Structures are given as structure tokens and as C-alpha cells.
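Try each task before reading its solution.

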Amino acid sequence: MAILELRGVTKRFGGLPAVDDLDLDVAPGRVVALIGPNGAGKSTLLQLINGLIAPTTAGAIRFEGRDLLGRSPHEVRRMGVATVMQRPRVFTSMSTLEDVAVGARFGGGERLREGPATEVAAEVLERLGLGARRDVSVAELTLHEQRVLELARALAGRPRLLLLDEVMAGLNPTELTAFVELVRSVRDDAGLTIVWVEHVMRAITALADDVVVLALGRRLAAGSPDEVMRDPRVIEAYLGRGAQRC
Amino acid sequence: MALVLDGVAFGLQLALLATGLTLIYGLAGVLNLAHGQLVVAAAMVGAVALGAGAPVLLALGLAVVTAGAAAVLLDVTLLRPVYRLRGQARVLLSLLLTLGVAFAADGLLVHSFPFTRLNLSVATPSVELLGVTVRSASVVASLVAIVALGGLVVLLRTTRVGRAIRSLTQDEEGAQLCGVDPGRTRRLVFVLGGSMAGLVAVTQGLVSSVGATSGLDLTIFALIVTVVGGLGRVSGAVVAGVLLGVVHAVAAFHIGTVLTFVILLVAAIVVILVRPSGILGGAGS
Amino acid sequence: MSGPLGLGPGGVVAPPASSLRAYLPIVVASVVLALVPLSLGGSRYFLSLGVHLLVVASYAVAFNLVFGSTSQLFLCQGALAGAAAYCSVILGNRYGLPLWLTIPAGVGLAALLGGGLSWVAVSRRLEVIYLGIVTLAFSLVFTNLLLGGRELTGGETGLVVDGGAGTWLRSPAAAYYLFLALLVGHLVVYRAIERSRLGWGFRALRDDEVAAALAGVDVARAKVTAGVVGAAMLGSVGATFAAHEGFVSPTTFAFGEVDVRVLVVLALGGVGTLLGPVVGAVVVTVVDELLRPLGQLRLTVYGVVLVVIFLGFRQGMVRSVRSLWMRAGTRAGPRTD
Ligand SMILES: Nc1ncnc2c1ncn2[C@@H]1O[C@H](COP(=O)(O)OP(=O)(O)OP(=O)(O)O)[C@@H](O)[C@H]1O
Ligand SMILES: [Mg+2]
């Protein structure tokens with residue numbers, strides 16, 4: 001049984017399809033990498049799932065068998081789907097701990113009070129190695145730390161599905177290795193399902209169970225990382241450019 | 001018919017008023033709430049110059065130059081910090097700053113010129129137009145507006161600066177990459193927008209008169225027309241100006257000015273809610 | 001930068017965790033304000049000035065909740081207060097209903113209008129500038145309907161209020177304490193919300209609406225709640241003020257009369273601070289009296305103050321004094337750590 005199912009999902013921006021009649025099934029506990037050239041519709045797809053964008057045609061998006069279509073982002077979050085966006089979006093007036101506590105207090109299915117929410121936040125920050133920075137203003141964090149912070153905020157609401165959008169972009173090699181390890185441990189600890197948009201091939205080969213290739217909003221190929229990378233259509237559409245980028 | 005002609009004449013004034021506002025908003029992201037005060041400042045300078053015995057054309061030229069200069073002064077002084085911000089934050093800060101400027105200017109103008117009015121409507125002969133008698137002052141004012149609006153459109157469509165203005169209006173960062181100097185173009189747009197406000201003082205002086213307390217009302221009218229035409233759209237402002245001018249003339253005749261004003265305000269609200277890009281733009285956003 | 005679209009408070013501090021420290025400033029402020037009339041010997045002139053001070057401070061608390069906490073630029077404080085006032089007065093005059101019925105009815109109407117405006121803004125996803133224009137247009141529509149609907153509203157001359165005539169409500173001293181109680185009530189509500197789950201949501205959405213929604217904050221509901229509560233605050237003050245004055249007219253609630261002043265008060269005191277509205281109201285009221293001889297030029301002073309605040313002094317007075325205090329403390333006081 002798939003934890004996430006998409007059927008015939010289409011989103012057009014002014015006539016041009018960004019996501020085109022797409023079907024997708026994600027099995028529980030898998031890490032699914034979503035790759036494709038710039039403008040392939042990857043971010044749009046994640047935002048269709050998390051409720052930030054409404055699809056153009058009806059189609060269906062189901063999570064754990066429940067319909068996500070027509071729900072607003074906070075409802076989707078409370079149902080167990082957390083997102084880390086492509087650009088860091090942090091709460092600049094807050095400390096690291098407060099920022100993560102927002103995720104704990106509002107994100108989970110049950111209503112946490114202030115005290116317990118802060119405890120959960122402190123615990124998650126500790127686990128992700130950001131405990132030492134908990135009382136620092138988030139505006140002072142580095143890009144890498146902000147990414148970890150966002151991951152922490154997402155996890156603080158105890159999601160079952162995690163949507164990651166190019167969280168590795170802009171990190172240096174050391175940070176990248178550290179972040180890959182972080183995502184791996186998160187997956188192992190929590191048994192999370194992860195749908196992960198990424199350009200950094202190293203990270204994908206290290207972590208992904210399945211790879212789905214998007215181009216022009218359609219599925220071009222799918223399979224294990226090895227299979228996909230050998231597929232000539234994929235090499236043509238994506239890796240030719242992707243290889244240069246890395 | 002007479003009502004419609006009256007409305008068109010009034011609408012052309014509204015269009016002139018609103019294009020200045022919308023041009024500046026489109027390019028600089030500044031919604032200048034002191035726009036009406038520019039008109040008033042121009043009118044007061046013109047009236048004082050006329051009172052001092054200056055020739056009419058010189059006095060009116062001075063008036064227009066005053067408004068243009070005041071606008072560009074605003075751009076290079078108080079508004080400078082605004083341009084460090086982007087998007088919503090820029091719009092909000094400029095809104096609050098120009099609101100402050102509007103109060104400051106209003107207080108100063110009303111204090112300094114409590115009884116001065118720019119009034120050019122010396123007994124002008126009436127002329128026959130489309131079988132209707134109209135005041136020639138009104139015809140002259142409309143012609144001035146048409147020439148100014150036409151000149152603006154030609155400038156935007158055909159010249160290099162015009163293209164620079166239009167490209168910056170669409171995409172500030174992109175245009176900057178292509179070598180358009182945003183600061184210079186912005187100053188030019190403030191001069192243009194301000195001068196058009198100055199022209200409004202002249203044309204309003206022709207058809208009726210402008211006093212020191214008219215600032216807020218003028219700004220509100222400019223806002224309504226700008227919104228109905230779509231914020232930042234010059235052609236929209238022209239069309240909306242003429243349209244609302246006619247609506248105003250016809251409605252004012254039948255139901256009085258108070259309710260007419262309510263109609264215009266409601267029109268602006270409805271446009272924002274239903275078609276935020278203005279009457280010429282596509283629905284929704 | 002944070003606060004409404006990066007404009008307001010730099011480095012908002014979370015409300016204190018302990019209840020004592022959270023509500024102490026309100027206690028201190030209300031004691032000080034309660035002692036003022038006694039120290040001034042209860043002169044009628046100062047009392048009526050005091051009432052005006054408390055009224056504008058209460059309006060500013062409401063604006064602080066709507067604009068400071070949820071970044072909704074409502075330019076219709078006067079109209080919302082006025083809607084409640086006229087509603088209450090008309091119900092009282094026409095149907096002879098008592099104040100304890102008509103004032104809540106007015107408050108209800110204001111809350112409905114404020115919530116409606118918020119709801120429209122949220123569901124149409126209005127950007128701040130469009131909400132500003134819509135609410136400004138709403139203000140002007142309100143004023144013009146008052147002027148146009150002569151039979152109901154008395155037009156330009158307004159209405160004389162029958163309810164409350166000859167009672168303590170009309171006495172300056174009693175009214176002063178009544179409006180003080182209203183202000184304290186507003187401050188307590190403001191602080192309680194700030195410390196609640198809803199207040200956490202406000203802080204998050206004020207920093208970044210999208211991130212807040214993705215973290216599970218119901219942004220739409222939070223904003224509409226702020227609109228309803230803020231408008232109810234405005235309405236309660238407006239309707240009570242009408243009952244106290246015994247008279248309502250369009251100018252009492254005009255944009256230039258209420259909204260402009262409230263904006264200056266809140267900007268001066270500090271957007272997003274608990275006592276900013278009170279401090280701002282005191283300063284504006286005092287300065288206003290001192291500048292009375294200037295006549296029209298007072299407006300110029302307001303304008304310059306607004307420009308200066310938004311150019312360089314965006315924290316407002318409360319926060320500036322606090323940071324000065326803390327700096328002085330670290331320099332002079334013995335360090336305990
Ligand atoms: N809000 C929008 N309005 C109009 N077009 C959009 C919008 N968002 C995305 N698009 C278009 O939809 C297409 C898909 O965009 P999307 O951001 O989903 O691509 P992506 O695969 O995430 O690319 P990248 O690797 O650059 O992040 C692009 O052509 C983009 O220009
Ligand atoms: Mg993307």
C-alpha cells in the first residue's frame with residue numbers, strides 16, 4: 001500500500017503545464033529522489049502535495065488513504081506531512097529554540113502546550129546537533145544551520161512524510177556530507193517516508209531507494225538509482241547538464 | 001450628451017492625475033500618498049506668481065516645474081532608504097513615509113496659503129461641440145490633458161528611455177542586468193509623474209479652481225482611478241480615468257455628489273477584490 | 001528585520017514567561033494613570049483631555065493587535081469605532097433600548113465588519129497595499145454614508161445621544177475611570193493573546209506567513225481572529241465614547257481625526273510593544289496641547305514625526321528606552337554571571 005498516491009495531477013501556469021497529468025506512488029519508509037532539469041516541475045509538485053498550490057485539474061492526491069486536495073497547508077501539516085522549502089524560510093524574530101517550538105506546537109496532530117512543545121524542540125535540536133545554538137537568534141545562523149533548523153522544525157511536529165526541496169544546494173562538501181548523514185539518521189530513527197527533490201547526485205546515490213525523473217512536468221523514468229542513471233533518455237534530458245553542475 | 005462630454009473632460013483630468021501616480025508606482029514601487037499635495041503645491045506657486053504679475057505662461061510653467069522638482073526631491077532624499085527594501089516591505093514603507101509627507105505638506109500649505117486659490121477660469125466664451133454648448137476653458141483643459149497623455153504614451157512606446165522605463169516596471173532586477181540604470185530612470189519618472197501632477201493644477205485651475213485644502217481629495221481620486229485601472233498600468237489609468245469621469249458626471253447629476261463618491265469608492269473596492277490587475281488586466285492573479 | 005513586513009520591531013522579544021512579570025507593566029501603568037487626575041486636582045479641562053488620551057490609547061492597542069501582531073494594515077479604525085457608536089446611538093434613540101444592550105450590539109457590528117474585512121483580505125490573498133486601500137475606501141464610504149443618510153444619521157450635524165443623559169457617564173471624573181478600565185481591559189487581552197497559542201502563531205506568521213502555514217499555523221484563522229478582536233476593541237471604545245459625549249458626528253470618527261492620530265501614536269510608542277500605545281498616546285496628547293497655538297502647522301509636526309520615525313527610529317519609544325536601560329545596566333551594574 002502506498003503512503004502517498006497521486007493520480008492525474010496537473011498544474012498549469014498561464015497555459016503552460018508545470019506538472020502534467022502525473023501519477024506517482026510512494027511506498028512507506030522509502031526515500032524517493034525526485035530529479036529533473038531546472039523548471040521540470042519538481043518544486044511545483046511538492047507544493048501541490050503540501051497545499052501551497054492548488055492543482056488546475058481535479059485528479060487526486062492521497063496521503064495514508066486520506067484526500068489532501070483542497071486542504072490548506074496547515075491542515076496538510078497536521079495530517080503528518082512536513083516540508084522543507086527550497087529557500088530557507090525562518091522566523092527571524094525568534095531564537096532557534098522558539099522557531100523549532102512553533103513546529104512542535106502547531107505541527108503535530110495533538111495540541112501541545114508551551115512547556116512540552118519547548119521540550120520537544122530542545123530534544124530535536126539536540127538530536128540534530130544544533131543544541132548548542134538553541135538560544136541564538138535564527139538570523140545569526142549560517143545557511144547550513146538554517147537548513148538544519150528547518151529540518152528540526154519539520155521533525156518537531158512528528159511527521160510521517162517529509163518533503164525536502166533541494167536542501168543540499170549551496171552547502172560546501174563538508175556540510176553536505178554532514179547533512180546526508182543527518183537525513184540518513186532521521187530516516188532510520190523515525191521510519192519516515194521522504195520525497196526529496198535534489199540536484200546533488202552524490203547525495204542521491206548515497207541515500208535514495210528510488211529515483212523518479214521529471215521533465216516538462218511528466219515522468220520520464222523511474223527505478224533504482226543505478227537503473228535510472230544508465231537510462232539513455234535520462235542522460236540526454238538531465239544528466240548531461242546535471243553532471244556539469246556537480 | 002452634455003453630461004457625457006462634461007464627464008469626459010473631468011475624466012481626462014482624472015487620467016492625468018492618475019497616470020503620474022501609477023507611473024511612479026509601477027517603476028519605483030512607491031505609492032505616493034502625497035500626490036495630491038504636489039498638485040496643490042504647483043497651484044499655490046502658480047497663483048502666487050500670477051498674483052505677483054507674472055505672465056500667465058511663465059506662472060503656469062513655474063507651477064509645473066515646481067511639482068516635478070518636488071517629486072524628484074522626494075525621490076532622492078526621503079525615499080532613498082525605501083529602495084533598499086524589496087516587494088511588500090518597500091511598498092509599505094513608502095506608503096507610510098509619503099503619508100507623513102502628505103500631512104507635513106498639507107499643514108504647511110494650508111497654514112501658508114489659507115485663502116489662495118489658483119483660478120484661471122476668466123470668463124471664457126462657450127463653444128458649440130457635437131451640438132452641445134461647452135465652455136472653451138473645459139475644451140482647452142481637455143486638449144492639454146490629451147496632448148500630455150499622448151506625449152507620455154509616445155515617449156513610453158517609441159524612445160529608448162521609454163523602453164527602459166517599461167522594462168524596469170516589469171522586472172527591476174532583470175532590467176538592471178541589461179544595463180538599465182534604475183536610479184536615473186527613477187528620477188526621470190518622478191519628474192514626469194510630478195510634472196503631470198503640476199499640469200493637473202493648471203487644467204483644474206482652468207475648469208474650476210484649486211485651493212490649499214484640496215490635497216487629500218486629489219490623492220483619493222488619483223488612488224481610485226489608479227486602482228480601477230490596475231496599479232502600475234498607464235493605459236489602464238487613462239481608460240479608468242475617462243470611464244470614472246463619465247460615471248461621476250452622470251451619477252452626480254442624478255443622485256448627488258456624496259453618493260457618487262461612494263459609488264466610485266465601491267468600484268475601487270470591487271476591482272481590487274475581483275480583478276486586482278485592473279479593468280484592462282486579466283482576472284485574478 | 002521582523003515585524004510587519006520588516007518594518008516594525010527589530011528583535012521582538014517574547015512576552016515574559018512568568019505571569020507576574022507579564023502583567024506587572026499593566027498594573028504599574030494603570031496605577032500611574034489612575035493617580036493622574038488626583039494630582040491635577042480633578043480639573044474638568046484636564047479630565048476631558050485625559051479621556052481623549054485614554055480613548056486614543058485604546059484605539060492604538062486595537063491597531064497594535066491588527067497591524068502590529070498580524071501585519072494587516074487596517075486604515076479604518078475610526079470607521080469601525082464609528083459604526084459601533086452610530087449603531088448604539090441609533091438603536092437607543094429610535095427604539096429606546098438601554099445602553100447595556102445597545103453598546104454590545106454596536107461592538108458586535110464592529111466585530112462583524114472587522115472580521116469581514118480580514119476574511120475578505122485573507123480569502124482574496126490581498127497584499128498589504130490592497131488591504132490598505134480597501135480599508136481606506138471603506139472608511140470614506142462610511143463617512144459619506146453618514147453624510148448622505150441624513151434621516152438615520154443626522155448627516156453632517158450628527159445625533160444627540162438620549163441614553164446615559166444625566167447619569168454618571170457624562171461626568172468627567174467617572175468617565176475617566178471608565179475609559180481607564182477599558183484601556184486596562186484591552187491591554188490585558190492583548191497580553192493574554194500574546195502569551196497564548198494564538199500569540200505564538202501571530203509571531204510566526206508576522207515573520208513569514210508561508211513558513212508559518214507549513215509549520216501548521218492556521219494563518220487565515222489567526223488573522224480573522226485578530227480582525228474580530230481588534231474591531232471589537234475599537235467598537236467598545238467608540239460606542240462608550242459616544243454615550244459619554246452625548247453626541248456623535250461624522251468628524252468624531254473621520255479618517256483624519258482617528259486613524260492618523262492612532263498611526264502616529266503607535267509608531268511613536270512602538271509597534272508590537274505592550275505599552276507603546278499608552279506611551280505614544282501620552283506623548284501625542286501632551287505635545288498636541290503644547291502645539292495648539294500652531295494651528296494647522298500641528299499637522300506638519302505629525303507628518304514630520306511620522307517621517308522621522310519610519311526613516312530612522314522604527315523601534316518606537318518603548319523599545320528604545322528599554323535598550324538604553326539595558327545598555328546602562330550592563331555598563332554600570334555588577335555582572336552576576
Ligand atoms: N508561481 C508561478 N507562476 C508562473 N510560473 C511558475 C510559477 N512557479 C513555477 N512556474 C513555472 O513552472 C515550471 C516549473 O517550475 P518549478 O519551480 O516547479 O521547477 P523545478 O523543477 O523546481 O526547477 P528548479 O530545479 O529550478 O527548482 C517552470 O517553468 C516555472 O517557470
Ligand atoms: Mg525547484
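**Exercise 1.** Which helix of chain A gives the most residues to the shell around ligand 1?

*Solution.* Keep in mind that this is a predicted model. Go to residues 42-50 of chain A, which form helix α1. This helix gives 3 residues to the shell, the most of any element. Among the 13 residues around the ligand, Asn38(A), Gly39(A), Lys42(A), Ser43(A) and Thr44(A) come nearest. Finally, sort the shell by class: 7 residues are polar, 4 nonpolar and 2 charged.

**Exercise 2.** Find polar atoms of the protein that lie within 3.5 Å of an oxygen atom of ligand 1.

*Solution.* Start with the backbone. A polar backbone atom of Gly39(A) is 2.8 Å from a ligand oxygen. For Ala40(A), the distance from a polar backbone atom to a ligand oxygen is 3.1 Å. Now turn to a side chain. Ser43(A) has a side-chain N or O atom 2.7 Å from an oxygen of the ligand. Then consider cover: alone, ligand 1 exposes 640 Å², and the protein buries 56% of that.

**Exercise 3.** Describe the second largest cavity and its lining.

*Solution.* Begin with the count: the structure has 11 cavities of 30 Å³ or more. Strand β6 (81-84) and helix α5 (143-156) of chain A each give two or more residues, as does α9 (209-214) of chain C. Last, classify the lining: 7 nonpolar, 4 charged and 1 polar.

Key: Residues are numbered from 1 along each chain as its sequence is written. Chains are lettered from A and ligands numbered from 1 in the order in which they are written. This is a predicted model: local features need pLDDT of at least 70, side-chain atom pairs count only at pLDDT 80 or more; totals for chains, interfaces and linings use all residues. Side-chain values use heavy atoms; hydrogens and water are left out. A residue is near a molecule or strand if one of its heavy atoms lies within 4 Å of it. A polar contact is a pair of N or O atoms within 3.5 Å; within protein, one must be able to donate a hydrogen and the other to accept it, and residues adjacent in sequence count only if both atoms are side-chain atoms. Accessible areas come from the Shrake-Rupley method with a 1.4 Å probe; for residues, only the protein chains shown count as cover. Helices (H or I, at least four residues) and strands (E, at least two) are DSSP runs, numbered from the N terminus. Ala, Val, Leu, Ile, Met, Phe, Trp, Tyr, Cys and Pro count as nonpolar, Asp, Glu, Lys and Arg as charged, and the others, Gly among them, as polar. On a 1 Å grid over the protein atoms alone, a cavity is a set of points where a 1.4 Å probe fits but cannot get out, and a pocket is an open set with protein on both sides within 12 Å along at least five of seven lines; lining residues have an atom within 4 Å of a point. Grid points are joined across faces, edges and corners, and a volume is the space filled by probe spheres set on the points.
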